[in-house]
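This briefing walks through a few parts of the structure shown below, one topic at a time. Please keep the sequence and the 3D view at hand while reading.

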2 protein chains.
Amino acid sequence: MTESTNRAGMCVATYRVHDDKADFAKKAQSIAVGLTVGSWTDLPELRKAEMEKHLGRVVSVEEHAGDGTPGSRHADIRIAYPDLNFSRDIPALLVTVFGKLSMDGRVKLLDLDVSDGFQSAFAGPKFGIAGVREQLGVHGRPLLMSIFKSVIGHDLRGLEEQFYQQALGGVDLIKDDEILFENDEIGIDRRVAVCMEAARRASQQTGQKLLYAVNLTGPTSRLHDQARRAIAEGANALLFNALAYGYDALHELAADPSVNVPIAAHPAMAGAFYPSPHYGIAAPLLLGKLMRLAGADLVLFPSPYGSVVMPKEENLAITAALLDPSRPMRTSFPVPSAGIHPGLVPLLLRDFGIESVVNAGGGVHGHPGGAAAGGQAFRQAIDAAMAGIPLQQAAQEPGREALRAAVDAWGVREA
Amino acid sequence: MTESTNRAGMCVATYRVHDDKADFAKKAQSIAVGLTVGSWTDLPELRKAEMEKHLGRVVSVEEHAGDGTPGSRHADIRIAYPDLNFSRDIPALLVTVFGKLSMDGRVKLLDLDVSDGFQSAFAGPKFGIAGVREQLGVHGRPLLMSIFKSVIGHDLRGLEEQFYQQALGGVDLIKDDEILFENDEIGIDRRVAVCMEAARRASQQTGQKLLYAVNLTGPTSRLHDQARRAIAEGANALLFNALAYGYDALHELAADPSVNVPIAAHPAMAGAFYPSPHYGIAAPLLLGKLMRLAGADLVLFPSPYGSVVMPKEENLAITAALLDPSRPMRTSFPVPSAGIHPGLVPLLLRDFGIESVVNAGGGVHGHPGGAAAGGQAFRQAIDAAMAGIPLQQAAQEPGREALRAAVDAWGVREA
C-alpha cells in the first residue's frame, strides 16, 4: 500500500483485523472513508475539494497469511484521522477511531499515535517519575510499594495498625485496596487522617517519607471534591480505578491544579479489554500510552510472574510507553503487580529497570515476621540487587535476617 | 454445588470461565473469598464471626465439558457479593465483581443481578418508553428514528437542510452522528438552534412532533452544563456515548433534574467488550441491564440484519433486559441499528415488537427520492406491517409511492 506522507494534524490508529477472506486494502479504505466523511467516490468534485481536509487516510496495510488455519489470516491496518474531525479529549478520539468500528467484525485497536495538536491539550502526569522521586527524596533505586490487604470489614484502628506495620518496613508508598469504598466508618477523610498519623509515627522510626495512595471512589461529579477533602486531611497521593470512570475523568483529575498529589491508576477492568487476540484494546495502549496521556503518575498492571498474568512482551511494551522519552510529557512509573515476593527483585530489576516500582501485597503481609519484616526484606533485596549481590548470598549476611526469612519462604529467581 | 439461599443484600454476578483443567468449584470459592474478605480458612473463629457479613458466597457452579476440543471446557459460576462491601454506584459494583478478576484467566462477566438495596440508589430512565411516547404523542406503533449521515465537514446550513429533509419524512426522532463533536461552527447550542427551527418548519408540513437527540460530548465535568445549554436552546433529547465516559456519567446525567429530556445511549466502544466468548462483558448486561440501570431512555445496539452484526439471541436478550417488567424502573426503548431499510420492518416488528425504535441512516438518506421520501417509506412500511399487509402488496397501493421505490431499491424480507 502507498504510505500517505502528509500526516500533520492527524491521529493515527493501528488495528489488527482478522478475516479469512477480506480484501484488506478495501477494508482499510472503507474505514478511512466511513469513519470520517462517510462517502467519497460518489461526491461531486467541488464537494471533494471542500471535504478533503476531513478525509481519513490509509497509512499502511500489512497482510499476514497466518498459519493456514481458519481464523489466522489477518492484517495490521493504519489509518490517519484528521484532528479537525474531533475535539481534543480522549472520549472523542476513541469514539472516532473505535466507536462503531469496535463492533464491525474481528478488529482490535492496537495503537494510537496522536498528533502534536491533539497532544497539546494534555499536560500528562503532573509529577511523573521525577516528581514522585522528589516528593520522596529517593533516587537511584526502584521504589517499593505495599498494598493494604483484606481491608474489607476492618475498622479505623485495624487500618491504622496495618498501615503502621507496613510503613515500619521502609516502604515508599502504600496503596489502598482498589475494592475499598466509602462507608460511614472508614470514609476517605477519616482513613487519611489515621493513616497519615500512622505514617508520621513510623517515620520517626524509619526516618523516611512515604506516600499513601488513597482510593478515590464514588460519583463522578464528586471525585474532585473527594480528592480535595482527602488532600486537606493530609493525603499525599491518590489511587484511581480509571477504566471504571473513563480516561477523561483521570485526565480532569490530573489537570486540576487543586489535585496537587500524584495519581496511581489501577488497572481494574482492564482484562475486559486487552486479552483477546481478536477484540478490544491492546494492553500497551490501554495501560501504557493512554494512561500516561491522561496523566497517571504511576500505572499498575499485571506482572508476568504472578497468578494474574500478562505476557511479558506486553508488560515491556506498557513500560516502554510509560517511559518513552520522545513524548512531550513527564514519564509515568510502571508498577508491575501481583505475585511479587523479595526473591523476584533481581528479575524485576532486569525486566523493568530502576525506573519502576516494586509492588507487593502478599509478599509483604505474608512474610513470616509480619508486614514490617516483609517491607524490610524487600528493601534488603533491592539494595542487594542494586549492588549486584546474588540474593542467596546477601540473605546470609548479618542485618539481613528479614531477607533471609523471605528467601526461605519464597525462594529466589535470579535474573 | 450448594445453592446459597440467603441472598438479601447481595449482588450476584454470573461469570463464564473457560479452563481445560481447573477445579471450578475451587475457583468459585477463591473468587468468593478473594474478592471480598481476602482470606477465610486461616481466620480465627472470632474474626470469622465479625467478617461473615462481608464474605462472598458461591451461588452455583455449572460445569460444561465442552466438545472435547482444547479450550471448550467451561463453567458458569455465580457469586453473591454483600452490598456492605461497596458503595451504591456502578464503578464500585464493577470494580468489586470484575476489577481484578477480569485479568485472571479466561473469564467473561455474563450477568449481574443487583440487590433491592443497590437498586434503590438508581431511579433508572427519567422518561422511559411511556415518557418518550408521551412526549411525542405516538402510541401503538414502533417509533421511527433517522440518523444524520456524513455530517463531518458540513456547515450549519448543511445540517439544517439535512435535518429538515429528514423531519419532512415524518420521523419521530433524529439523532446526531455519534462522531460529531464540538467545533466553533457547529457547537451544540448553535446546532440545536438551527435544527429545532428546522423541526418547527417541518412540523408545519407534517403536523407531528419530533425529538432531536443532540450528541453530548467534551470534558466529563462539563457534560451537565453542556446539556443544560443545549436544553436552553430547545434541545428535547440527548445522545451520549456512555461507554466512553463510564456508566456513572450516564447515571448522573439521568439523575440530574435539570437534564429534563430523554437520553439515548450510543453503543460506541461496545465491541471492545462483548464479542469475545472468553473475555469482556456480555452484550445483554453491557447494553441492556446496565444501560437501563444507569438511566438510558433509549439504547442503540447493532441489529442482527446489517453489516455491523450481533447474534440475534444477544439482540433479543438486550431487548428483554430493557423491557423486563420485573425491574422497579421505567423501561428503555430498544433501538436495533445498522443495515435497516423499509423492507426489514416486518422482520423488526416480529423480532423486537411494537415497543422498539426503527432506526435508519442509509435506509432514509439512500432512498431514491431523497431523505424525506425515505422517512415516508418507513412510515408507510410501519403502517402496513401494523395492519398485517405484506409490504410487496402495500407498496402497490396508491399513496405509497415512497414505499414502492424503497421496496424496488432494497427488496423485502417478510417476517
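This is a predicted model: local features need pLDDT of at least 70, side-chain atom pairs count only at pLDDT 80 or more; totals for chains, interfaces and linings use all residues.

About 1600 Å² of area is buried between domain 1 of chain A and domain 2 of chain A, and carbon and sulfur atoms give 60% of that area. On the side of domain 1 of chain A, the residues Ile90(A), Lys108(A) and Gln119(A) supply 39% of the area buried against domain 2 of chain A, which is more than any other three residues supply.

- The domain assignment divides chain A into domain 1, covering 10-119, and domain 2, covering 128-410.
- The contact between them draws 19 residues from domain 1 of chain A and 19 residues from domain 2 of chain A, while the C-alpha centres of the two domains are 36 Å apart.

**Polar links and elements at the interface**

- Two salt bridges are counted between domain 1 of chain A and domain 2 of chain A, and 10 residue pairs are found in polar contact across the interface.
- The elements of chain A that give two or more residues to the side of domain 1 that touches domain 2 are α3 (90-98), β4 (106-113) and α4 (116-119).
- With eight residues, β4(A) gives the most to that side of domain 1 of chain A.
- A salt bridge joins the side chains of Lys289(A) and Asp113(A), with a distance of 2.8 Å from N to O.

**Strand β3 of chain B**

- Strand β3 of chain B spans residues 74-82, and because eight of its nine residues are buried, the strand is largely enclosed by the rest of the structure.
- Strand β1 (residues 10-18) of chain B pairs with β3(B) in the antiparallel sense over nine bridges, and Met10(B) has Pro82(B) in β3(B) as its bridge partner.
- Strand β2 (residues 57-64) of chain B also runs antiparallel to β3(B), joined to that strand by seven bridges, and here Val58(B) stands opposite Ile79(B).

**Ala381 of chain A**

- Ala381(A) belongs to helix α15 of chain A, which comprises residues 371-386, and this alanine counts as buried because its relative accessible area is 0%, under the 20% limit.
- When neighbours within four places in sequence are left aside, Ala381(A) is in contact with Pro342(A), Val345(A), Leu391(A) and Leu403(A).
- Ala381(A) and Ala25(A) are separated by 356 residues in sequence and by 53 Å in space, C-alpha to C-alpha.

Note on methods
Residues are numbered from 1 along each chain as its sequence is written. Chains are lettered from A and ligands numbered from 1 in the order in which they are written. Side-chain values use heavy atoms; hydrogens and water are left out. Buried means under 20% relative accessible area, exposed over 50%, partly exposed in between (1.4 Å probe, protein chains only). Helices (H or I, at least four residues) and strands (E, at least two) are DSSP runs, numbered from the N terminus. Two strands pair if DSSP finds at least two bridges between them. Domain bounds come from an automatic or database domain assignment. Contact means heavy atoms within 4.5 Å. Buried area is the accessible area (1.4 Å probe) that two parts lose on being put together, summed over both. A salt bridge is a side-chain nitrogen of Lys or Arg within 4 Å of a carboxyl oxygen of Asp or Glu. A polar contact is a pair of N or O atoms within 3.5 Å; within protein, one must be able to donate a hydrogen and the other to accept it, and residues adjacent in sequence count only if both atoms are side-chain atoms.
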